[in-house]
Amino acid sequence: MSDKEKFTDGQGEAPLKIELRHMVIEDYDDLETTMKQAYQSSDLGIWDRKHIRKLLSIFPEGQIAVYANGKLVAAALSLILDYEKLGHNHNYKQATGNYTFSSHNPDGNVLYGIDVFVHPDYRGYRLGRRMYDARKELCENLNLRSIIAGGRIPGYQDYANNISPKEYIERVASKELFDPVLTFQLSNGFVVKRILRGYLAEDNESKEFATLLEWNNIYYEEDQRLINAPKQTVRLGLVQWQMRLFPSFDALVDQMEFFIDAVSDYRSDFVLFPELFNAPLMADYNHLGEAEAIRQLAQYTEPLKKKFIEFALSYNINIITGSMPHIEENGKLTNIAYLCRRDGTYESYRKIHITPSEKEAWGMTGGDTLRVFDTDCGKVGIVICYDVEFPEIPRILAEEGMQILFVPFLTDTQNGYMRVRSCAKARAIENECYVAIAGSVGNLPRVNNMDIQYAQSAVFTPSDFPFPVNQVKAETTPNTEMTLIVDVDLDLLKELHTHGSVRTLKDRRKDLYDLVWKGKRNTSV
C-alpha cells in the first residue's frame, strides 16, 4: 500500500514529498513526536514502543502511516475484532483488551479503529482522509463487514453545560456546529450508531462520551465461496428479432435456438427476447378476427415455454423469453413472460399495463402480480413494453433490490419506440439500475395488427461518473436483425447507491410520500 505525491511547503519553496504506507517499528521516534504534538492540548496519553511493537507483530497490515520527506507525521492504528463478542455497549479498554490488544482476532468481522492522529504542522494536507481511504481499502480487501470506531467529540466541552450529547451530535451532523473529530468522520462516510458513555476515562474534552461510528463495506460477502460465488460482472445478450413468416412451429424454434446458441457461445449470463416475438405463427389464423387469432397463438405458449426451459439447461444460460399470449384458467387473455433459469427452474410475469389497442383489438387484460427474481447473477426484474412507462412499477422492484431490469418490447413506429426508450433511460436513473430493452424489426404482411415494427435494442445505465455520459452502455443498429452482447458491473451500482453524486433511492422524502403496492406478491407460474 503506497500513495505518493509532491507538494511545496507553506512558503512555496522546498518540495514536500508525501507517502502513505505501512508503519515499521523503526518509525517509533517520529511516531512518538507526532503523538505528543497531536495530543498536547488534551489529557490523553500516548502509545509507548512496546504497544506499537505488539501491534506490528499481530496485525502489521492495520498500522498505516503518512510520511513527509521520510518522516512519520500521521498514523492510523487498528485491530480486527469479533464484533458479536464485543457488542455495541463497550468502552475503549474492552475494545483494546485493556491496552494489550488481546481483543485482536484475525478471524473477526470488523476493522476497529483504535487511534488516528496527525501532526499539527501537517493538518492542511488532508492526511486524515488519505488514512481513512486506506482503512476502507484494507477493510474491503480483507472482506470485513465494516469499520467500527469509538469517536471522540472534543468540541462538546464548550456545550456540555447547555445541551445533551445527543443534541450536540445532531447539531454537528446538521452542520450547525463544528467538531474537529466528528465532523471529519461524518464527511468520510461514517454513520453514528449510538452514544457510548464512559468510553475513554481520560477524555475530559468529550466528557467521556463517544460516538459509536460505522462505515459499511458494500462489497462484504458473509460466506466466501470458491465456486458458484455471486457474479459481479454480468454478461447480457439481447436478441433484436426479425419478424418473418415461418413455415412451421419447428422453424421458429430453430431460429430461437440459433440465437440462444450464438449468445451462449459468448458465455452470456442472460439472453433477452422481444415482446410477442412469436407473432409470425399467427399468420395461419389471419382469416379469423384479431381477438380470435391471438387466442389461437396462445396455444403455442406452453410448448415454447418448455423449449425455453430445455435451452436454458442445455446452453447454460438464463433466458427471459420475451412475452407470449396466455389464456388463464378463468379464460382471460394475458401477456406473459418467463424467466427460465439455467438450473431448470422458471418463474413468470404478466404484463400489468395494457395499451388501448391491445384491449380493443385483442381483449387483453393486465396482470396483478409483481416481484423481484433471484438469479445466480443478482436480482432482476421484468416488465413488458408499456409497463416501463409507469415509474411506480420499477420503483417498487428497486426497493426490493433489483439490479437489472429487463424490458421486452414491441413498437411499430419510431415515436412509440422513443416512449419506451426514454422511459427506460429514466428508470435507470431513478432506480440506480441497469435497464435492458429488446424489440423486433421487420414486417408481417399477413398478420393483422402486427404489420410493421421499429426497434433499436439497448442497455442503459444510471447517469454518474462511472457510466457513459449518454447512459447508453451499448445499442444495436436500428431496424436490423442482430444480437447485442454487453457486460454490466454490479459493483458500480453498489458504489452509486452509497457514494453517488446524487442518490435517488436514499434521498426520497418518505416522510412526505410513499409508494404502496396493492396487488399480489407471489408469482403463479
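Glutamine 255 touches Trp241, Arg244, Phe246 and Glu481, when residues up to four places away in sequence are not counted. The model described here is predicted. Glutamine 255 has its place in helix 8, and this residue is buried, with a relative accessible area of 17%.

Helix 8 also takes part in a helix–helix contact. Two packed helices are described by the angle between their axes and the distance between the axes. The axes of helix 8, which spans residues 249-265, and helix 10, which spans residues 301-314, come within 11 Å and cross at roughly 30°. Because angles under 35 degrees count as roughly parallel, helix 8 is roughly parallel to helix 10. The crossing in which helix 8 passes helix 10 is right-handed. On the side of helix 8, the contact is formed by Phe249, Leu252, Val253, Met256, Glu257 and Ile260. These residues meet Pro303, Leu304, Lys307, Phe308 and Phe311 of helix 10. The residues of this contact comprise nine nonpolar and two charged residues, with no polar ones.

The crossing of helix 12 and helix 13 is right-handed. In this contact, Pro394, Arg395 and Ala398 of helix 12 meet Arg427, Glu430 and Asn431 of helix 13. The contact residues of helix 12 and helix 13 divide into two nonpolar, one polar and three charged.

Helix 12 is mostly covered, with six of its eight residues buried. The buried residues are Ile393, Pro394, Arg395, Ile396, Leu397 and Ala398. Besides helix 13, the buried residues of helix 12 pack against strand 15 (378-382) and strand 16 (404-408). Just after helix 12, the backbone at glycine 401 adopts a positive phi of about 100°.

Positive phi values also occur at residues other than glycine. Most residues other than glycine have a negative phi. Asparagine 98, although not a glycine, has a positive phi of about 55°. Asparagine 98 is found in the loop between helix 4 (92-95) and strand 5 (110-118), and counts as partly exposed at 47% relative accessibility. Lysine 175 is likewise not a glycine, and its phi is positive at about 70°. The loop that holds lysine 175 runs between helix 6 (165-173) and helix 7 (182-187). Lysine 175 is exposed, with a relative accessible area of 70%.

The cysteines were examined for disulfides. With a disulfide taken as a pair of cysteine sulfur atoms within 2.5 Å, the count comes to zero. Cysteine 385 is in no disulfide, and the nearest cysteine sulfur, that of cysteine 423, is 10 Å away. Cysteine 385 is buried, with a relative accessible area of 6%. Cysteine 423 is also in no disulfide, and the nearest cysteine sulfur to it is that of cysteine 385, 10 Å away. Because buried means under 20% relative accessible area, cysteine 423 is classed as buried at 19%.

Leucine 16 lies in strand 2 (residues 15-22) and is buried, with a relative accessible area of 8%. The C-alpha atoms of leucine 16 and tyrosine 67 are separated by 9.9 Å, and these residues are 51 residues apart along the chain. Serine 41 has its place in the loop between helix 1 (28-38) and helix 2 (49-58). At 62% relative accessibility, serine 41 counts as exposed. A distance of 76 Å separates the C-alpha atoms of serine 41 and glutamine 242, which are 201 residues apart along the chain.

Technical notes:
Residues numbered from 1 in each chain as written. Predicted model: local features only at pLDDT ≥ 70, side-chain atom pairs only at ≥ 80, totals over all residues. Heavy atoms only, no water. Axes fitted to C-alpha atoms, helices over the stretch in contact; angles between N-to-C directions. Helix = DSSP H or I, 4+ residues; strand = E, 2+ residues; numbered from the N terminus. Parallel < 35°, antiparallel > 145°, perpendicular 65-115°, else oblique. Left-handed = near helix turned anticlockwise from the far one by under 90°. Contact = heavy atoms within 4.5 Å. Nonpolar A, V, L, I, M, F, W, Y, C, P; charged D, E, K, R; others polar. Buried < 20%, exposed > 50% of the residue type's maximum accessible area, 1.4 Å probe, protein only.
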